[in-house]
Amino acid sequence: SICAEQPATLTSPLDQSEREQMLQDFVEFARFMTESADSAAEDAIPSTEGQRDFSIHVSKLLPWPQAEVDHFGCLHAVIPGPANAPTIAMLAHVDTSPQFTGKGVRPIVHREWDGSPIKLPVGDLTLHPDDMPALKRVATLKDTIITASGDTLLGADDKSGVALLVAVARRLMSLPQEQRGATVELVFNTDEEIGLRSAGKLNFISEHVVGSYTFDGETFSQVDTETWHADGCELKVHGVSVHPGYSTGKMVNAAAIAAHFASELHRGAEQDLRIGTPATTADRQGFVHVLSVRGDVGSATVPFILRDFEEDGVTARRAFAEGVLQRVKKESPSAAVFELACSNTYKNMKSYLDQNPQVVEYAVEAVRRATGVQEVRQGAIRGGTDGSVLTLRGKPTPNIFAGWHEAHGPKEWASLHEMSMAAETALHLLSLWGKSGNSNKSEL
């Protein structure tokens, strides 16, 4: 069913039945294996068929007025609003990070959580509110918390976003068209976790979109308007493979050389505070991050990433990596061949959003109305969103919180309260745009 009870208005808070349905949807979604694969070819979008299968599942979940799954496995669902109302887009990505396994996720629902430490059943992991400020914030709310079981991630990044947008759709379809505020195109897109791949390709199926928003943020009540400037690099090392019993003076072990480069890059970045690694930096400090070492004697690769909020900071880190490579070359056999390639993955979206203030202003006001937080923060996210790419493509897209925390690992958890607040933020966005008088003729 759409909703057990007709909501009074577009922007009424979610009632208990709507919250329960959103929870059930999320738990079902979390069980789907949608882990993306960064080893897949760049043009293989989606990188895993599980993502497409999930999009097809969601396309059949509701009687969407208009829905299609595109070539990239992204589901586009359009719910029309009043005649001549503007159209906005809302996005959540369906893939989960390959940094930790998303296979066999077993969500655990902790209803009316009392604020005590949460012991996960597998392994020795415990979620302590004293160690997790976001968890401590909801500890007095008798909130419903969802965790994984200890041996997988939860996938709330960003299936909480998917679930809350489905809740928005259920609400909208329970209302007469003229009461929906604005037309909305919901996009559930693929391969966000491996370089925002689909965001660089997808196109909205609606002809005119005046504003768009991702629901993929961690910080409650925050609107993310700034992201990393991000480069991705890969070092390829070509060695000489010879039978190990007869390799004296001949073998050149590419795997060992690649491992040495990775170690030197990490160690040097860790020791130089101007460069940094993820574990040694915070706030607005950038870093160099080695992702893996792959290969064998004949050939090996080292993918790594460079991050800073300023382009100059990324350029400095690229120069640092090139300096490490030159030292490793001098220490390696002359027969070793090295290839280093770096390219931009996405840019900091802030300057572009500053040129389109209405999109951000409505997000801030919608968060204020939904959460009651008067001083809504416009923040910088130490990461990227699909909005980073969409904004540079001329579709300014700030990011809104989605209720997930501690992503990409076994301690990931989600808050039903925060998911509900995010869904209500989306409904207020539709109301604000509907009252703006901004017709589809003035699309961005």
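## Salt-bridge network

A salt bridge is counted here when a side-chain nitrogen of Lys or Arg lies within 4 Å of a carboxyl oxygen of Asp or Glu. In this predicted model, Glu226, Arg284 and Glu310 are linked in a network of such bridges.

Glu226 pairs with Arg284 at an N to O distance of 2.9 Å; because Glu226 lies in strand E10 (residues 223-226) and Arg284 in the loop between H5 and E12, this pair ties together parts that are 58 residues apart in sequence. Arg284 also meets Glu310, with N and O 4.0 Å apart, and this second pair links Arg284 to the loop between E14 and H6, 26 residues apart. Glu226 is buried, with a relative accessible area of 10%, whereas Arg284 is partly exposed at 44% and Glu310 is partly exposed at 47%.

The structure holds 18 salt bridges, and one of them joins Asp25 to Arg170, whose closest N and O atoms are 3.2 Å apart. Asp25 belongs to helix H1 (residues 16-30) and Arg170 to helix H4 (residues 156-173), so the pair ties together parts that are 145 residues apart in sequence. Asp25 counts as buried at 2% relative accessibility, and Arg170 counts as buried at 7%.

## Helix H5

The buried residues of helix H5 include Ile257, Phe261 and Leu265. The buried residues cover an arc of only 165° around the axis, which puts them on the same side of H5, and they pack against elements including strand E11 (229-238) and helix H6 (311-331).

How values were computed
Residues numbered from 1 in each chain as written. Predicted model: local features only at pLDDT ≥ 70, side-chain atom pairs only at ≥ 80, totals over all residues. Heavy atoms only, no water. Buried < 20%, exposed > 50% of the residue type's maximum accessible area, 1.4 Å probe, protein only. Helix = DSSP H or I, 4+ residues; strand = E, 2+ residues; numbered from the N terminus. Arc of directions from axis to C-beta. Contact = heavy atoms within 4.5 Å.
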